[in-house]
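Me: I would like to learn how to read a few features of a protein model. Please start with aromatic rings.

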Amino acid sequence: AETLMDGREWLVGDDPTVADNYLFVTTLWADKFSIDLPQSLQDFRARNLERPAVKQAMDEEGLS
């Protein structure tokens, strides 16, 4: 995924897509299992965590 992003903020286009949502969940799993991620994917995860819809979903699911 890091190579696919090629310096972009999102996998496809200028805005997050369903592919970004799946990648985001994968980065959360990596964190849970103490798997080191490249800085670009850490930044990607942080960017997603700042999205209001993600914050709301995580709060509602008890994940924040």
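Reply: A pair of aromatic rings is described by the distance of the centres and the angle of the planes. In this predicted model, the count comes to one aromatic pair. Trp-10 and Phe-44 form that pair, with 5.9 Å centre to centre and 70° between the planes.

Me: Is the pair of Trp-10 and Phe-44 stacked, tilted or edge-to-face?

Reply: Planes over 60 degrees apart count as edge-to-face, so the 70° of Trp-10 and Phe-44 makes this pair edge-to-face.

Me: Which parts does the pair tie together?

Reply: Trp-10 is in the loop between α1 (2-5) and α2, while Phe-44 is in helix α3, so the pair ties together parts 34 residues apart in sequence.

Me: Are Trp-10 and Phe-44 buried or exposed?

Reply: Buried means under 20% relative accessible area. Both Trp-10 and Phe-44 are buried. Arg-47 lies over the face of Trp-10, 5.4 Å from the ring centre.

Me: Which residues of helix α3 are buried?

Reply: In helix α3 (residues 39-49), the buried residues are Leu-41, Phe-44, Arg-45 and Asn-48. Seen down the axis of α3, they fall within an arc of 95°, so they line one face of the helix.

Me: How far apart are Leu-23 and Phe-44 in sequence and in space?

Reply: Leu-23 belongs to helix α2. Leu-23 and Phe-44 are 21 residues apart in sequence, and 9.0 Å apart in space, C-alpha to C-alpha. Leu-23 has a relative accessible area of 12%, so this residue is buried.

Me: Which residues make the nonpolar surface patch?

Reply: Val-25, Trp-29, Phe-33 and Ile-35 make a patch of about 440 Å². Of these, Ile-35 is in the loop between α2 (18-32) and α3.

Technical notes: Residues are numbered from 1 along each chain as its sequence is written. This is a predicted model: local features need pLDDT of at least 70, side-chain atom pairs count only at pLDDT 80 or more; totals for chains, interfaces and linings use all residues. Side-chain values use heavy atoms; hydrogens and water are left out. Buried means under 20% relative accessible area, exposed over 50%, partly exposed in between (1.4 Å probe, protein chains only). Helices (H or I, at least four residues) and strands (E, at least two) are DSSP runs, numbered from the N terminus. The arc is that of the directions from the helix axis to the C-beta atoms. Patches are made of residues with over 30% relative accessible area and no salt bridge: like charges are joined within 9 Å, nonpolar side chains (Val, Leu, Ile, Met, Phe, Trp, Tyr) within 5 Å. Accessible areas come from the Shrake-Rupley method with a 1.4 Å probe; for residues, only the protein chains shown count as cover. A salt bridge is a side-chain nitrogen of Lys or Arg within 4 Å of a carboxyl oxygen of Asp or Glu. Rings of Phe, Tyr and Trp (its six-membered ring) pair if their centres lie within 6.5 Å; planes under 30 degrees apart count as stacked, over 60 as edge-to-face and the rest as tilted. A charge sits over a ring if NZ of Lys or CZ of Arg is within 6 Å of the ring centre and within 35 degrees of the ring normal.
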